[in-house]
Amino acid sequence: MPDSPDSPRTPRTRPVVALLGAPGSGKSTLAAALPPDTVLDLPGDPDLAGQVWDGLRRATAVLLVASPVQGLDPRTVQLFEACADLPRLVALTQLDRPGADADEAVALCQRLLGDQVLPLQLPLHDDDGTIGGLLDLLTLTVHADGERREADPEHVRLVEPLREDLLEALLTGSDGDAFDAWASGDQVAPGLLAAELPRAVSRGDLVPALVVRPSGLGPREAPYGQRPGQDPGLGLGPGLVELAGLLARLPNDAPHGDGPLAQPTPQLPVGVTPDAGLQARVAADPVARLAADPRSGQLLLWTVGPGHAEQLLAGAPSLPVRLEGPRTGRVLVRVPGWAVRAVRSDALGRGGEVLANQDHEEDAELELRLPASELVHYALALARVTASTGSFERLSGPLS
C-alpha cells in the first residue's frame, strides 16, 4: 500500500531514481543499462498517471532523458518542474544520430527547464562528424578509445566560459575547501570538485547534463556488470559510467520538500459495478477514486484517461455513464498561454460558452460552461488541444 497523498516522503535505504522522457528518447534503453534496483522507468503514456505520480512520490531523484532528435514534450517538462524539490539530472541521448547537436540540446533544456541545466561533458567530433570522445568539464580530460588523457590546450581555452559557469553553480553554495580555493582564484583539485557535485545537485543549484551512449566510446561494460542476454552496447561509454556513479552518490531521501507532490485530479468518469478487486486497486492508486453520482446514484470510477481506466478495471465490466436530462456544468480550465485560443475554439465547438478568461504571467484560467455529455470526456479533449499540459476542475453541475 503506497503512502497516502497527504503523507510526506520518507527516507529510503538507497537512491530511487525516476526516469522521465518523451516516447522515443531512449529512456527505456537507458533504464536497462542502469542498476535495476534503483531506477523507476516511468511510463510515457499520459493515461497512466497513477503509475507516474506514485513513482515520483517514491523517488529520491529525477533523471530526464532528453534527445535532440525527439525534443522535449510539454508533459515531461511539467513533470520535471513538479519535482523541483528533488535532485534532478539530465541524460543527453542519441547524439550519434544524424543532425544531433549537443549544444542545441543543452540550449533547449536550459530554455524549457531552467538555467541550472549545465553540461558536465561535451562530445568531441572526428573529421567525419562522428563522436570520437567526451571532454569532461570538471577534470578537463578527454575520454576516447577506452582511455583518458589531458585535454588539448585549444579545447581547454574554448570551453573555459562553460567551465566557469559550471564551477559557479557547483561551488557558490558550498562552504568547504573547494569553495575557499575557487574564491581565492586557485585551481580546485578534481577530487574536491567530484565531492561537491552530488551536494550541488542535492541543493538544486545544479542540474547536470551528461552525455550517454554515444557510439564508439569507451569500454563496452556496464558499471554494475552485464546481465544475461543484455545487449553489450547498453553500457557504452564514460558518460554512462559517470552517470551511474553520480546517481549512486546522491542522498537517499528528498533534501528539501516535506510535503507531497501536487498530483492531477481525475476527471474522466467510467460507470462501474461494485467489485472488491476494483476497490483494492483504486485504494492503492494515488490518483483514482470511486464515488457515486449524487443525482443518478451510479457508481463512477474517476480516472485521468482511458488507459488509466483500463489498467484499473483489469477485465471488470464498465457501464455507460448515465446522464439525466439536458444538464450543463461549469469547469475552471488552467492552460499555458499559448493554448488559450485552441481551448476557447474547442469549447465553442462543443456547444459550450466561455464565461470568464483571466490571463496570468505565463498561463491562463478560463471558466467554461459545457453540456453534460461533453463533460464526460472533456479530460481527453483538453489533453488533445493542449498537448497534455492543461488541467481543469468541475465547479458545479453534473457528475461533481
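Reader: What makes the contact of D346 and R350 a salt bridge?

Author: In this predicted model, the side chains of D346 and R350 come together with N and O 2.9 Å apart. The cut-off is 4 Å between a side-chain nitrogen of Lys or Arg and a carboxyl oxygen of Asp or Glu, so the pair qualifies.

Reader: And why is D346 called buried?

Author: Its relative accessible area is 17%. Buried means under 20%, so D346 gets that label.

Reader: What about R350: what is its label, and why?

Author: R350 has a relative accessible area of 24%. That lies between the cut-offs of 20% and 50%, so R350 is partly exposed.

Reader: How many salt bridges does a search of the whole structure find?

Author: Ten. Another one of them joins R330 and E367, whose closest N and O atoms are 2.5 Å apart. The limit is 4 Å, so this pair passes too.

Reader: What does the pair R330 and E367 tie together, and how do you know?

Author: Look at where the two residues sit: R330 is in strand β15 (residues 328-336), while E367 is in strand β17 (residues 363-371). The pair therefore ties together parts that are 37 residues apart in sequence.

Reader: Why does R330 count as partly exposed?

Author: Its relative accessibility is 23%.

Reader: Which residue does R334 form a salt bridge with?

Author: With E393, and the closest N and O atoms are 2.9 Å apart. This pair links distant parts of the chain, 59 residues apart: R334 belongs to strand β15, and E393 to strand β18 (residues 391-396).

Reader: Which residues are linked with R334 in a network?

Author: E365 and E393: together with R334, they are linked in a network of salt bridges.

Reader: How confident is the predictor in the protein chain?

Author: The mean pLDDT is 79, and 83% of the residues reach 70 or more. Over residues 1-12, though, the pLDDT is below 50; that stretch has 34 contacts in the model beyond near neighbours in sequence. Residues 254-260 are also below 50, with 17 such contacts.

Notes
Residues numbered from 1 in each chain as written. Predicted model: local features only at pLDDT ≥ 70, side-chain atom pairs only at ≥ 80, totals over all residues. Heavy atoms only, no water. pLDDT = per-residue confidence, 0-100. Contact = heavy atoms within 4.5 Å. Helix = DSSP H or I, 4+ residues; strand = E, 2+ residues; numbered from the N terminus. Buried < 20%, exposed > 50% of the residue type's maximum accessible area, 1.4 Å probe, protein only.
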